[in-house]
Amino acid sequence: MKFVRIAVLSLILITSYNCKEAKKEANEAAEEMEETMEAIEEEVMVETIAFKMEPKSDSNVEGEVTFTEENGMVVMKASFSGLTPGEHAIHIHEKADCSAADGTSTGGHWNPTAEPHGKWGESEGYHRGDIGNLTADADGNATVEFKTDLWCIGCEDETKNIVGKAVIVHRGTDDFTTQPTGAAGARVSCTGIIQ
Ligand SMILES: [Cu+2]
């Protein structure tokens, strides 16, 4: 009897030890899986594309622009040099083609929702490319930061997809009323937005 009791006891001990080990292993595996999933998610959800802006229309306006998409929000950051001090229009135009010396190969404003030209966010309507005006300092330098959930980088929705379009900076100021351009004058800097 005593022998049987010891045997049963040791069986219980062995079983519970094995269970604990198995549980520990399962927990470790789950943790590892979670870490991998987080890494994958981060890779998929944050995308950055960067471009150099080239001078157009005999200007010296150079710059850099980046677009970063995270959780459905696109942030544009840009910096420019070689501008005249003051306000200059900056838009997204409809074609990623900066080949023309005056930048007109990029076409008109990107306007996938067929709205009138205007100030971003106004109820009267605005183009999805109507970023607005930037302000250059006395040295001709300017920075821009712009954020919207109405853009995406390479998604299926063509009312949001900025890939295949162009960034244009103009010599003049966007008056937000002249149709369909804002009367911003010559195009002084250009880049295609290519993924
Ligand atoms: Cu423009």
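Predicted model: local features only at pLDDT ≥ 70, side-chain atom pairs only at ≥ 80, totals over all residues.
**Close-up views of strand β7 and its surroundings**

View 1. The strands β4 and β7 run antiparallel and are joined by four bridges. Strands of a sheet pair through backbone hydrogen bonds, in either a parallel or an antiparallel arrangement.

**View 2. β7 also pairs with β8.** Five bridges connect β7 with β8, again in the antiparallel sense. Two of the positions along this pairing may be located by name: Val167 stands opposite Thr191 of β8, and His170 has Arg187 of β8 as its bridge partner.

**View 3. The residues of β7 point to two sides.** Ala166, Ile168 and His170 point one way from the strand, while Val167 and Val169 point the other way. In a regular strand, side chains alternate between the two faces of the sheet. Ala166, Val167, Ile168, Val169 and His170 are all buried. Because five of the five residues of β7 are buried, the strand is largely enclosed by the rest of the structure.

**View 4. The largest nonpolar core comprises 30 residues.** Phe80, Ala166, Val167 and Val169 touch the most other members of this core. At least two core residues come from each of β2 (62-70), β3 (73-81), β4 (86-93), β5 (132-136), β6 (142-148), β7 (166-170) and β8 (187-192). The largest share, four residues, is supplied by β7.

**View 5. Phe80 and its contacts beyond the adjacent sequence.** With neighbours within four places in sequence left aside, Phe80 is in contact with Met53, Val61, Glu62, Gly63, Asn141, Ala142, Val169 and Ser189. One of these residues, Val169, points from β7 the same way as Val167.

**View 6. The eight strands form an open sheet.** The strand order is β5-β4-β7-β8-β1-β2-β3-β6, and the pairing is antiparallel. β5 and β6 are the edge strands, each pairing on one side only. On average, neighbouring strands of the sheet are turned by 20 degrees against each other, with direction ignored.

**View 7. The chain as context for the close-ups.** One helix and eight strands are present, and along the sequence they follow the pattern α-β-β-β-β-β-β-β-β. Of the 195 residues, 28% count as buried. Among contacts in the chain with a separation of 6 or more, 58% are between residues 24 or more positions apart.

Note on methods. Residues numbered from 1 in each chain as written. Core = buried A, V, L, I, M, F, W, Y, C linked by C-beta atoms within 7 Å. Buried ≥ 20, exposed ≤ 12 C-beta atoms within 10 Å, placed from the backbone. Contact = placed C-beta atoms within 7 Å. Pairing = 2+ DSSP bridges. Axes fitted to C-alpha atoms, helices over the stretch in contact; angles between N-to-C directions.
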